[in-house]
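Here are my notes for you to read alongside the model. Take them one point at a time, and keep the picture open while you do.

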Amino acid sequence: MTQGFLVTNRSVRWFLMCLAIFTAVVAFGSEASGAGLFSTSLVKTLGKTLCLCLVAIAMDVVWGYCGILSLGHFAFFGIGGYAVGMWLMYARTEGIVLSSLSGQTIPPTPSEVSDAIGSQIFGVVGSAQFPLIWSFAHSLPLQLLMVVLVPGLLALVFGWLAFRSRVTGVYLSILTQAMTLALSLYLFQNDSGLRGNNGLSGLQNIPGYEQTSQATISLMFFLASALALALGYVLFAWVVAGKMGSVIKGIRDNEARVRFLGYRVEGFKLFVFTLTAVVAGIAGALYYPQAGIINPAEIAPIASIYLAVWVAIGGRGRLYGAVIGAAFVSLVSSWFTGGGAPNLNLGFYTVQWTDWWLVLLGVSFVAVTLFFPKGIGGVFDYLVRKPS
Amino acid sequence: MTSLLEVSGVSKTFDGFRAINDLSIQISEPELRAIIGPNGAGKTTFMDIVTGKTKPDTGRVLWGARNESLLGLSEAAIANKGIGRKFQKPTVFEDQTVWANLNMALRNKRGPFAVLFHRKTGEDEARISQIASEIGLTDQLSRMSGELSHGQKQWLEIGMLLAQDPRLLLVDEPAAGMTAEEREKTTDILRHAALTRAVVVVEHDMEFVRRLNCKVTVLHEGHVLAEGTLDHVTADSTVIDVYLGRADA
């Protein structure tokens, strides 16, 4: 099925080719492979960018194709990050505790070990007890299962309640904002069980690979991110290509008409919402080990709005548009906010881009919406003439 | 002829306005029926109630030989029972090809996973090309439906209804905005469809109704005013008063 689909779908082949070339160039130029053209921190940035591209195509499917302007998909991204971060933190702390206790004459009891790990992790929030949500943190497979299960279930329950009551349009957007805001406020609390505003840190250190250099680890995560983006792209391209694509685009354009054709619109929306939430969770699980730290500010409402801005600038309703938007805007954004852009001296006022970047982004967003509704991806329409 | 749809004693009030008032209509299978009436007579509300978009305050809507109640079913469930609806404004999915529009409407499994893993079959293809030729859009299958002319869009929508293979077609003002030639073709399509199923046409245009040459129901203020052949109802003095008289004025 997928084979025939790949043969007929030119833009997917083009995308995979570009991604493969990009990945190969970065991989061979990285410090880990000895060339050293790209620094480890740059490889990490590019790897993170690929994860952002993955969550952006998920956003494009739910918004650009199905017409659900979810402003909460970054919450699922964050949950994925927390889920993998719990294991990373637990396993690494366990290793440190075990090695420090190994010198003692009497071997430590399991409860002593557990207490020691607990006080190491939760000392910052004045606790040593493992909250219930850490029950699976000792096991990598279980915690990886959480990466897909928790965002999936949250999306399923939230979507079921919202779509069943036929909440649509801007009301749904507000509801999803409320969801991500509530989640981030909850996580900010010290007794949330996830270290409050400290979040989870040290995630760049992978347990079991203490002797491996960060250059190698960053390259591995970069490659994994590229693979995840490729698989996610093919999956979504397949979903939106066939009859499913027809129905979900139909829902976007005229929901009532699709109902009168006999389709239960709620089920389709729920499917798209949940599937994209799961992919967002996976993207987050790959992103945060590269970022090294996750805290509740990551899933603040503004993050999900950025996601929508990327997709809008890149071009809605085309997957490569979302990739271009996410990559372009997030890279330019870190260039501006990281002090890469030289200040602009106007004589009477000096524009410092670290402060003014948001204004520039806002103006570009308005300009794109008004003058280029198809976004940057729309440029390809002029380059590629479809055979009629 | 057996009774397919039985609407009896249905009333619906919107903010004090009685859109439908003790309405009773029976449709047989097969049958071609025209429903006429002045603006606000409750024609569209009648369709909304049958298709599940609006819930009536009182009354019964019964379907099929087993007299199932349609009240309380969702729009999608009613559509799957075999009721297709064409809207007044042509509503096709303009961003998609004619083929995709028809394919979406084809009678197949409607669940998300059935749709996701759906692969087109030869049967589907044959059905689509048959419908396309019925509605005269065989050459247009690969075109975006947004590029079609107004009349072609109306036909496409009728074609989508036929693809659903419903037992009852509710058609709202199919001839609106059409040229004389297009109207003639629309009449043919509807009459052909009514050979095997029930077709209810809501229409303003008397000339079009005359060409359909079928039983006519006249609605006025949400109530059936008269029923019979076109000649019979146009001779009815109350009909002349409320409808024809007003139209002439």
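Predicted model: local features only at pLDDT ≥ 70, side-chain atom pairs only at ≥ 80, totals over all residues.

1. Strand S1 (residues 2–14) of chain B runs antiparallel to S2(B), and the two are joined over 9 bridges. For one pair to look for, find Leu5(B): its bridge partner in S2(B) is Ile27(B).

2. Now widen the view to the sheet around that pair. This is an open sheet of 4 strands in chain B, in the order S2-S1-S4-S5, and its pairing is antiparallel. Which strands are at the edges? They are strand S2 (17–29) and strand S5 (68–69) of chain B, each of which pairs on one side only. As background, strands of a sheet pair through backbone hydrogen bonds, in either a parallel or an antiparallel way.

3. Chain B has another open sheet, with 6 strands in the order S6-S7-S8-S3-S9-S10 and mixed pairing. Strand S6 (83–86) and strand S10 (223–228) of chain B are at its edges; each has a single partner strand, so one side of each has no neighbour in the sheet. From one strand to the next, the twist averages 20°.

4. S6(B) and strand S7 (residues 168–172) of chain B pair in the parallel sense over 4 bridges. Here Ile83(B) stands opposite Leu168(B), which belongs to S7(B).

5. Next, look at the helices that lie against these strands. Helix H1 (residues 43–51) of chain B packs on the sheet and touches strand S3 (31–36), S6, S7, strand S8 (198–202) and strand S9 (215–220) of chain B. The direction of this helix makes about 145° with that of S7(B). Helix H7 (residues 180–193) of chain B lies across S3, S7 and S8 of chain B, and runs at about 145° to S8(B).

6. Step back and take in chain B as a whole. It has 10 helices and 10 strands. The radius of gyration of chain B is 18 Å, close to the 18 Å that the globule rule gives for 249 residues, so chain B is as compact as a globular protein of that length. Its C-alpha trace spans about 55 × 40 × 35 Å along the principal axes. Of the 249 residues in chain B, 44% are buried. Among contacts in chain B between residues at least 6 apart in sequence, 68% join residues at least 24 apart.

7. Turn to chain A, which has 15 helices and 4 strands. For 388 residues, a compact globule would have a radius of gyration near 21 Å, and the 22 Å of chain A agrees with this. The C-alpha atoms of chain A fill a box of roughly 80 × 55 × 55 Å along the principal axes. Buried residues make up 43% of the 388 residues. Of the contacts in chain A with a separation of 6 or more, 76% are between residues 24 or more positions apart.

8. How far apart are the end C-alpha atoms of helix H13 (residues 319–337) of chain A? They are 27 Å apart, which agrees with the 27 Å that its 19 residues should span at 1.5 Å a residue. Among the buried residues of H13(A) are Leu319(A), Tyr320(A), Ile324(A) and Val329(A). Their cover includes helix H2 (10–29), helix H3 (40–65), helix H8 (214–241) and helix H12 (301–314) of chain A. After H13(A) comes Gly339(A), with a positive phi near 80°.

9. Where do the chains meet? The contact takes 20 residues from chain A and 21 residues from chain B. On the side of chain A that touches chain B, helix H9 (243–253), helix H10 (255–260) and helix H11 (265–291) of chain A each supply at least two residues. H9(A) gives the most, with 7 residues. By class, this side of chain A has 8 nonpolar, 6 polar and 6 charged residues.

10. Is Glu255(A) buried, exposed or partly exposed? It has 16 other C-beta atoms within 10 Å, so Glu255(A) counts as partly exposed. Between Glu255(A) and Ser119(A) there are 136 residues of sequence separation, and their C-alpha atoms are 53 Å apart in space.

Methods: Residues numbered from 1 in each chain as written. Chains lettered and ligands numbered in written order. Expected span 1.5 Å × (residues − 1). Buried ≥ 20, exposed ≤ 12 C-beta atoms within 10 Å, placed from the backbone. Contact = placed C-beta atoms within 7 Å. Nonpolar A, V, L, I, M, F, W, Y, C, P; charged D, E, K, R; others polar. Pairing = 2+ DSSP bridges. Axes fitted to C-alpha atoms, helices over the stretch in contact; angles between N-to-C directions. Rg over C-alpha atoms; globule rule 2.2 N^0.38 Å.
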